[in-house]
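Thanks for coming. I will go through a few packing details of one model, so please have the viewer open.

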Amino acid sequence: MNLPTPAIVAERGVERLPRLALILLCAAYVLPGIFGRDPWRNADLTAFGFMASIAEGRAPWWQPAIAGIPAEGGPLPYWLGALAIKALPFLDEPVAARLPYALVLVGVLVAVWYTCFHLARTEAAQPVAFAFGGEAQAVDYARALADGSLLALMASLGLLQLGHETTPELLQLLAVSGYLYGLAAAPFKPGRSRAAVLIALPVLAASGAPTVACALGLLGVLLNHRSSYAEAKAQRAWLLGALTLAVLAAWAFDGWAWRVQPGLQLGSLLSLLAWFCWPAGPLALWTLWRWRRHGLRRHITVPAIALLVPLAACITMDGSERALLLALPSLAILAAFALPTLSRGFSAAVDWFSVFFFSAAALFFWLYYLSMHTGWPPRPLANLRRLAEGFEPAFSVAALVFAIAATLSWLALVRWRTARHRHALWKSLALPAGGVALGWLLVMSLLLPPLDYARSLSPLVARLKPHMPVNTGCLAAPGQSLATLAALEWHGGWQVQGRGTLDTSGCSHAVISAGQPTPSGWRVIAQVKRPTDRSGGAGLVLLRRQ
C-alpha cells in the first residue's frame with residue numbers, strides 16, 4: 001500500500017545550490033585550524049602524541065605509546081597521522097598529521113551528500129505528484145535534499161570542534177558515513193555499496209569502536225532482509241562478510257574495551273542533545289513525526305539505525321560527546337527530509353535568528369581583535385591579559401585578509417538569501433551553515449593566537465625548560481595525563497617515563513602534580529603552571545633526585 005507522502009514540492013523548490021558557493025563554504029569550514037597552531041589538549045594532543053611516537057621511532061607501529069603507555073583501541077587512526085608525518089617531512093609534524101584528517105572530514109561531507117541523494121531517490125521518499133504536473137523531478141528533488149543534508153551537517157554545533165581534531169573519532173565518523181552510503185546506494189549502485197560496507201565496518205572496528213561496528217552490521221542485515229529491493233537483499237552476504245572482517249580487526253588490534261559508565265542523568269543527556277545536535281536534532285524529530293506513517297521505509301530506517309546505535313553508546317558511556325558524534329550524519333540526513341514539510345514562518349524564524357546570532361558573534365570577535373591590536377575598546381584586552389598571563393598579540397596580514405573576506409561573504413550570503421532562492425528546499429539551512437563557517441573562520445584567524453596560547457601546553461613546557469639541565473637523560477612523570485606526557489615528549493624533547501613509580505624510574509628528574517607531597521629522596525626545584533590557570537594548586541612540580 002502506497003501511503004501519501006507529506007512532501008509537496010514544486011519544480012521551483014528544487015533550485016540547485018550553486019556548486020561554487022557550496023565548495024567555497026565547505027572550504028571555509030574544513031581548512032581553518034590546519035595551520036598556525038599547536039595540538040590542543042586533551043584528546044587532540046594525546047592522539048598527536050601517539051602519531052609522533054610512531055613517526056619518530058619511539059613506539060612500534062603495532063602498539064603506539066606515549067611515555068611507555070600504550071594506546072587503547074586500534075592503531076589505524078594513528079597510522080594515518082604517522083604516515084603523513086613520514087611522507088611530508090618538510091611540514092611541521094602537527095600540520096602534516098592534520099592534513100589527512102582534513103581529507104577525512106571532506107570524505108564525511110561527501111558521503112553524507114551522496115547518502116541523502118540516494119535515499120531521496122527511493123520511491124517512498126518522492127514528493128506528491130500534482131494532478132496537472134509541475135512537481136519536482138526525482139533527481140532534482142534528491143539533489144536539493146542532499147544539499148540540505150550537507151548544510152545541516154556543517155551547521156551542527158557538535159561537529160565544529162570534534163570534526164577539526166586529529167582523533168580516532170573522526171575516522172570513526174568517516175566509517176559510519178561510508179556505511180550509511182553503502183546501505184543507501186544498494187538499490188542504485190550495488191558494486192560501490194558493497195565495497196563501502198566491506199571497508200567501513202572493519203575500519204570502524206580498527207579505529208576503536210568494534211561494538212558499534214557489529215551493532216550497525218547486524219541492524220543492516222535485518223534492514224536489508226525485509227527490503228523490497230533485490231539489490232539490497234543481495235547485500236546481506238556482503239554485510240556478513242564485513243561483520244566477520246570487523247570482528248577479526250578488533251581481535252587483531254585488541255580493540256574490545258568495554259567503557260560502560262552508568263549513572264547518566266536524564267537532564268544532563270537532554271542538555272547535551274540540545275546543544276550538540278543543534279539544529280539538525282529538532283529537524284530530525286520533526287521528520288520522524290511528519291513521516292511517521294513511512295517509518296519502515298528505507299529513507300527513514302537507514303539513518304534511524306545509524307542514529308540509535310551511537311545514541312545508545314552515548315548513554316552507556318555517561319554522556320560521551322565523542323560517541324554522540326557518530327550520530328550526526330544520520331541526524332543531518334533525517335533533518336533534510338524535514339525541509340519539504342516546513343512552514344514559511346518557521347523558515348523565516350530560523351533566518352532571523354541566524355542573522356542576529358551570527359552577526360552578533362562576528363561583531364564580538366572583531367571587537368576583541370581590535371582591542372588586541374589597537375587597545376580599543378580597552379576591556380577585552382584587559383580581560384585577555386588577566387586570563388592569559390604573558391600573552392602578547394601577534395599581527396598577521398593573512399589572518400586579517402581571510403577574516404575580512406569571510407565577513408564580506410557573510411554579508412553577501414545574508415543579502416543573497418533574502419533576495420533570491422526563497423523557494424529552494426535548502427533555504428532554511430543556508431544561513432545556519434554559513435554562520436557556523438563564518439564563526440569558525442573568524443576564530444581560527446582573528447582569535448587564533450590567544451586561543452592557541454590558552455589551549456596549548458607549550459607555554460607550560462616552556463616554563464619548565466629553564467629549570468631542566470640540558471643533558472637530562474630522562475624525565476619521570478608517573479600519574480600524569482596522556483596529554484601532559486605527550487606535551488613533555490613533543491614540546492620538551494625529553495625521554496619521558498609515564499609508567500611505574502619515582503623510585504623505580506631511574507631518572508634523575510621527575511614531575512608531579514602540584515599539591516602532591518614531595519616523595520622522600522627527592523627535592524623540589526621549581527613549580528610551574530599554565531599561564532591561563534587561575535587556581536593556585538594547578539601545574540607541575542619539578543623534582544631532582546637527591
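Which residues of H17 and H18 meet? Before that, the ground rules. This is a predicted model, where local features need pLDDT of at least 70, side-chain atom pairs count only at pLDDT 80 or more, and totals for chains, interfaces and linings use all residues. Residues are numbered from 1 along each chain as its sequence is written, and side-chain values use heavy atoms, with hydrogens and water left out.

Helices are DSSP runs of H or I with at least four residues, numbered from the N terminus. On the H17 side the residues are Tyr368, Ser371 and Met372, and they meet Pro378, Pro380, Leu381, Asn383 and Leu384 in H18. Contact here means heavy atoms within 4.5 Å. By class, that contact has six nonpolar, two polar and no charged residues. Nonpolar covers Ala, Val, Leu, Ile, Met, Phe, Trp, Tyr, Cys and Pro; charged covers Asp, Glu, Lys and Arg; the others, Gly among them, are polar.

As for geometry, H17 (residues 344-374) and H18 (residues 378-387) pack at about 80°, with axes 8 Å apart. That makes the two helices roughly perpendicular, a label for angles of 65 to 115 degrees. The axes are lines fitted to C-alpha atoms over the stretch in contact, and angles run from 0 to 180 degrees between N-to-C directions.

Next, helix H8, residues 190-206. Its 17 residues should span 24 Å at 1.5 Å a residue, and its end C-alpha atoms are 25 Å apart, which agrees. The expected span is 1.5 Å times one less than the number of residues. Buried residues of H8 include Ser193, Ala196, Val197 and Ala200, where buried means under 20% relative accessible area with a 1.4 Å probe, protein chains only. Among the elements covering them are H3 (76-87), H7 (168-184), H9 (210-225) and H11 (236-252).

After H8 comes Gly208, with a positive phi near 105°. Ala209 sits in the loop between H8 and H9. Is Ala209 buried or exposed? Buried, at a relative accessible area of 8%. Leaving aside neighbours within four places in sequence, Ala209 contacts Gln172 and Leu204.

Last, the core. The largest nonpolar core has 169 residues; such a core is a set of buried Ala, Val, Leu, Ile, Met, Phe, Trp, Tyr and Cys residues joined through side-chain atoms within 4.5 Å. Its largest share, 15 residues, comes from H4 (residues 93-120).

Definitions and conventions
Buried means under 20% relative accessible area, exposed over 50%, partly exposed in between (1.4 Å probe, protein chains only). Angles under 35 degrees count as roughly parallel, over 145 as roughly antiparallel, 65 to 115 as roughly perpendicular and the rest as oblique.
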